[in-house]
Amino acid sequence: MTRRAQLILLLLCGAQFIIALDFSILNVALPVLGRDLGMDQADLQWAVTAFALPSGGFLLLSGRIADLFGRRRLFLIGLGLFTAASVLAALAWSPAVFLAGRALQGLGAAVIVPTGMSLLTTTFAEGPQRARALGISGTVLSMGFTIGMVLGGVLTDALGWRSTMGLLSVAGVAVLVGAPLLLAESRHPERPRIDVPGAVTVTGGLLSLIYGLSTAAEQGFGRPDVLVTLLAGVGLLAAFVVVESRAAQPLVSLPMLRRRTVAWGNLAGLTTFAMMSTVVFLLTLYLQEVLRLSPFHTGLVFGVQGVVSAFAGLVAPKVIGRFGAHRTLLTGLLIQAGFTAALLGLGTGTGTGLWLALTGVALGSLGHLWAIISYGVTATSGVPDAEQGLATGLVTSSQQVGITLGIPLLSAVASAHIAGLRADGSGFAQATLGGIKLALGLDAALLAVVALLVAAGLRTVRPARRG
């Protein structure tokens, strides 16, 4: 790479790193944040969901708008919005203001992620250079999530939870200053039209589904508005499939999804991201609300996860080269499922609970990172060069939607169970532990089921290898 290309890669990876930080840096600060702003435990997942909802809901639409009006222009707009929203969240004086800042951060992320990926793939030519750039970007994204957990604990203990949002705003300014100097404008050569019906149905469907699940975490599944919202979300997503099958220039190519490697690879990616983000959220509550660890020590627990993830990232290409992406993907999902299931042994004792949490999250992360790398290889294998951009876009969408859906889905189950146990007279710690273990059990079961489905779906497909 030329020096300029290296600087562009550094800049784009920096933007992805900030987004990954934002997904995780608040996790260990949630209990402290809740007490400071007066948010109930059931409301804490909104600090995550308020960001994830617009970041997942508007992802596909933002990518298509950038194709039309310029990726560099939209990238700068997204960065500016994200940075300003981080300042608002850092200065928040009430839960409503804080959640508004988080939602605007999510909207900015929905613009940054697809435009940053498009700028990367258009800057680096197809072949080894692009593969190297995508590999570096994926590693930075994964490490950013883990580093965010450690930084969140250190900053919250030393300076308070507001410093986590302050760090994001400073980092956003740094990238925003360098972007106009390095990035060239680019657009889709054919300037495709916006698929308005597809954009409305997929965005409305994701927003309705995530809002319904998030409300259920606070109020339960029995409320009429929750049921109506969930049904509306499912109906809109079904309508999206119908719309895309008839659209001349769809947001998502259904023929592409009919490729088994693409379909099953992306299902695996969505699941591994959804279930691991949920484990991190649930273990944060466990370590701080049940074991009463400080944010700093909670961050150190997830620092072990980062070390194992770095090792797994180094080993994964060799494993894929020897055994194939399909076998590595299945193995990764099963390892993640097995060590998530091991967390069902968590108790209220600090010694045993801490060591089990360390072992479970660390070794589960090994399987998770193997699954991440191998699903990317699987989902883009056998795709013509002319369609690689679309295949890569689906991989990115699977990541974002998975992170978006996982936490509200299983936190809703955990919160409903906790509320039921508290109503029966259980103590706070015991009720919280019961809800966490129920959600972890479902997490492990979903991973195992998807692993079996992926194994069956890819059984007769020639495995993809990376030498």
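Me: Where does Val307 lie, and is Val307 buried or exposed?
Reply: This is a predicted model, and in it Val307 sits in helix H13, which covers residues 295-323. Exposed means over 50% relative accessible area. Val307 has 59% relative accessibility, so Val307 counts as exposed.

Me: How far apart in space are Val307 and Ile147?
Reply: Along the sequence, 160 residues separate Val307 and Ile147. In space, going from C-alpha to C-alpha, the gap between them is 9.9 Å.

Me: Which share of the contacts with a separation of 6 or more comes from residues 24 or more positions apart?
Reply: Take the contacts in the chain between residues with a separation of 6 or more. Among those, the share from residues 24 or more positions apart is 85%.

Me: And how much of the accessible surface belongs to carbon and sulfur atoms?
Reply: The chain has an accessible surface of about 18,200 Å². The part belonging to carbon and sulfur atoms is 68%.

Me: Is Asn266 buried or exposed, and what is it in contact with?
Reply: Asn266 has its place in helix H12. Buried means under 20% relative accessible area, and Asn266 has 7%, so Asn266 is buried. Leaving aside neighbours within four places in sequence, Asn266 is in contact with Tyr375, Ala379, Leu394, Val395 and Ser398.

Me: What does Gly406 touch?
Reply: Gly406 is in helix H16, residues 388-423. With a relative accessible area of 1%, Gly406 is buried. If you don't count residues up to four places away in sequence, Gly406 touches Ala274 and Thr278.

Me: How far apart in space are Gly406 and Asp443?
Reply: In sequence, Gly406 and Asp443 are 37 residues apart. C-alpha to C-alpha, the distance in space is 9.0 Å.

Me: How do H12 and H14 run relative to each other?
Reply: The axes of H12 (residues 260-290) and H14 (residues 325-342) come within 11 Å and cross at roughly 25°. Angles under 35 degrees count as roughly parallel. So H12 is, relative to H14, roughly parallel.

Me: Which residues in H14 meet H12, and how do the residues of the contact divide?
Reply: H12 passes H14 in a left-handed crossing. On the H12 side you'll find Thr261, Ala268, Thr272, Met275, Met276 and Val279, and they meet His326, Leu329, Leu333, Gln336 and Thr340 in H14. The residues of this contact of H12 with H14 divide into six nonpolar, five polar and no charged.

Me: What about H14 and H17, are they roughly parallel or roughly antiparallel?
Reply: H17 covers residues 428-457, and the axes of H14 and H17 are 8 Å apart, at an angle of about 160°. Angles over 145 degrees count as roughly antiparallel. H14 and H17 are therefore roughly antiparallel.

Me: How do the residues of the contact of H14 with H17 divide?
Reply: The crossing of H14 and H17 is left-handed. H14 brings residues including Leu330, Leu334, Ala337 and Ala341 to the contact, and H17 brings residues including Leu440, Asp443, Leu447 and Val454. The residues of this contact of H14 with H17 divide into 13 nonpolar, two polar and one charged.

Notes. Residues are numbered from 1 along each chain as its sequence is written. This is a predicted model: local features need pLDDT of at least 70, side-chain atom pairs count only at pLDDT 80 or more; totals for chains, interfaces and linings use all residues. Side-chain values use heavy atoms; hydrogens and water are left out. Axes are lines fitted to C-alpha atoms, for helices over the stretch in contact, and angles run from 0 to 180 degrees between N-to-C directions. Helices (H or I, at least four residues) and strands (E, at least two) are DSSP runs, numbered from the N terminus. Angles under 35 degrees count as roughly parallel, over 145 as roughly antiparallel, 65 to 115 as roughly perpendicular and the rest as oblique. A crossing is left-handed if the near helix is turned anticlockwise from the far one by less than a right angle, and right-handed if clockwise. Contact means heavy atoms within 4.5 Å. Ala, Val, Leu, Ile, Met, Phe, Trp, Tyr, Cys and Pro count as nonpolar, Asp, Glu, Lys and Arg as charged, and the others, Gly among them, as polar. Accessible areas come from the Shrake-Rupley method with a 1.4 Å probe; for residues, only the protein chains shown count as cover. Buried means under 20% relative accessible area, exposed over 50%, partly exposed in between (1.4 Å probe, protein chains only).
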